[in-house]
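This report describes selected local and interchain features of a two-chain model. The sequence and structure are shown first.

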Amino acid sequence: MNKPDLDFVKEHFAKELPYVAALNMRFDDLTAGVAVMTMPYDARLVGDPESGVIHGGAVSALMDTTCGAAVFSHPEASMGTATIDLRIDYMRAAKPGCAITARAECYHVTRSVAFVRATATDGEGDTPVATATGAFTVERSAQEGKA
Amino acid sequence: MNRRPPEPVQVVKQRRDAALAALLGSVPFISFLGVTFDRRGDELTAILPYRRDLVGNPMLPALHGGATAGFLEITALIGLSWGMLWEQVETGAIDAAALGEGWCPKLPKTIDFATDFLRSGLPRDAYARAEITRSGRRYASVRVEAWQDNRQRPHAQAIGHFVMPQGPMA
């Protein structure tokens with residue numbers, strides 16, 4: 001299977017996916033099975049007007065994208081992947097004004113499923129803002145299936 | 001019989017619509033995603049009108065899972081908040097006409113949110129409804145289901161847990 005170079009993916013992925021671009025996410029790092037992405041603070045993404053804290057829905061998008069990228073970059077997984085399920089635990093409110101960075105690791109891949117976990121931080125203290133666990137599809141070509 | 005005449009229908013509608021508009025208008029992320037709500041009595045249906053901006057896989061194309069998850073979380077949070085607000089507006093504890101620009105309602109906080117992606121999100125409008133399975137004084141559990149063309153074939157479902165705000169919403 002020919003996968004594009006990870007540096008190429010890092011450069012283009014975020015720009016070519018409309019929702020990822022709308023949230024201004026960018027790659028910090030992408031290596032085999034591990035992705036790190038940052039979403040800058042944006043007043044349009046606020047979920048709690050009283051505190052200015054970013055909506056969980058925007059954090060979900062960052063988590064889903066970063067987890068998807070971790071699957072995508074895994075040597076045993078394929079180019080295409082889709083989320084089967086994603087669970088997010090919100091440990092604390094992200095600090096208003098701070099960018100959120102998610103690090104996702106694809107820690108196991110079977111013939112059809114990729115397992116991923118992720119942590120999001122805002123640079124304040126040791127407690128993450130949120131953690132996520134998810135299962136993603138692994139699409140294989142017919143030829144690979146026979147191997 | 002000394003019965004009060006029923007309120008004129010426009011007065012009732014105006015009050016409820018004003019309260020819902022004030023609630024939705026207070027959360028920037030709802031307008032960012034473009035989510036609107038259709039109200040029938042106290043029942044809400046959330047609508048996510050299709051926009052190219054919401055696509056996550058341009059090849060298919062399919063809605064971004066994060067857009068779908070965000071839509072479901074908004075539906076759950078507004079479902080919970082609307083339940084509280086409805087009661088406080090209908091009993092007269094809150095004057096809906098006084099809620100406007102700059103109102104910062106006390107909203108529930110998400111503890112966790114788990115989304116099942118059942119089908120790929122098609123490039124068209126999506127709808128969702130929240131069902132509050134348990135609503136206690138401090139915690140609430142909410143189930144959300146979202147569909148597109150066919151109500152019987154949901155494209156996503158979610159379960160979320162929330163910490164409820166204490167005291168009146170305004």
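## Surroundings of A:Thr137

Residues up to four places away in sequence aside, A:Thr137 touches A:Thr81, A:Ala82 and A:Ile84, where contact requires C-beta atoms, placed from the backbone, within 7 Å. A:Thr137 is found in strand β8 (residues 130-137) of chain A; helices (H or I, at least four residues) and strands (E, at least two) are DSSP runs, numbered from the N terminus. Because A:Thr137 has 17 C-beta neighbours inside 10 Å, it counts as partly exposed. On this scale a residue is buried if 20 or more other C-beta atoms lie within 10 Å of its own, exposed if 12 or fewer, and partly exposed in between. A:Thr137 and A:Thr110, 27 residues apart in sequence, have C-alpha atoms 9.6 Å apart.

## Basis of the model

The model is predicted: local features need pLDDT of at least 70, side-chain atom pairs count only at pLDDT 80 or more, and totals for chains, interfaces and linings use all residues. Residues are numbered from 1 along each chain as its sequence is written, while chains are lettered from A and ligands numbered from 1 in the order in which they are written.

## Helix packing between the chains

Helix α3 (residues 56-72) of chain A and helix α3 (residues 65-90) of chain B have axes that come within 8 Å and cross at roughly 155 degrees. The axes are lines fitted to C-alpha atoms, for helices over the stretch in contact, and angles run from 0 to 180 degrees between N-to-C directions. The crossing angle therefore makes α3(A) roughly antiparallel to α3(B), a term for angles over 145 degrees.

In this pairing, A:Gly56, A:Gly57, A:Ala58, A:Ser60, A:Ala61, A:Asp64 and A:Thr65 meet B:Gly65, B:Gly66, B:Ala67, B:Ala69, B:Gly70, B:Glu73 and B:Ile74. By class, the contact has 5 nonpolar, 7 polar and 2 charged residues. Here Ala, Val, Leu, Ile, Met, Phe, Trp, Tyr, Cys and Pro count as nonpolar, Asp, Glu, Lys and Arg as charged, and the others, Gly among them, as polar.

## The interface as a whole

Across the interface, 31 residues of chain B are in contact with 30 residues of chain A. On the chain B side, α2 (28-33), β3 (55-57), α3 and β5 (109-117) each supply at least two residues, and β5(B) gives the most, with 8 residues. The residues of this side divide into 17 nonpolar, 9 polar and 5 charged.

The largest nonpolar core has 91 residues, of which A:Leu62, A:Met63, A:Cys67 and B:Phe71 touch the most other members. Such a core is a set of buried Ala, Val, Leu, Ile, Met, Phe, Trp, Tyr and Cys residues joined through C-beta atoms within 7 Å. The greatest share of this core comes from α3(B), with 13 residues. Beyond its neighbours within four places in sequence, A:Met63 is in contact with A:Leu86, A:Ile88, A:Ala102, A:Ala118, A:Ala120, A:Ala130 and A:Ala132.

B:Ala126 lies in strand β6 (residues 126-135) of chain B and counts as buried because 25 C-beta neighbours fall inside 10 Å. Residues up to four places away in sequence not counted, B:Ala126 touches B:Leu48, B:Phe71, B:Gly121, B:Ala146 and B:Gln148.

## Backbone geometry

Most residues other than glycine have a negative phi, and most peptide bonds are trans. A:Asn24, not a glycine, has a positive phi of about 55 degrees and sits in the loop between α2 (18-22) and β1 (26-31) of chain A. The peptide bond from B:Leu60 to B:Pro61 is cis, with omega near -15 degrees.

How values were computed. Angles under 35 degrees count as roughly parallel, over 145 as roughly antiparallel, 65 to 115 as roughly perpendicular and the rest as oblique. Two residues are in contact if their C-beta atoms, placed from the backbone, lie within 7 Å.
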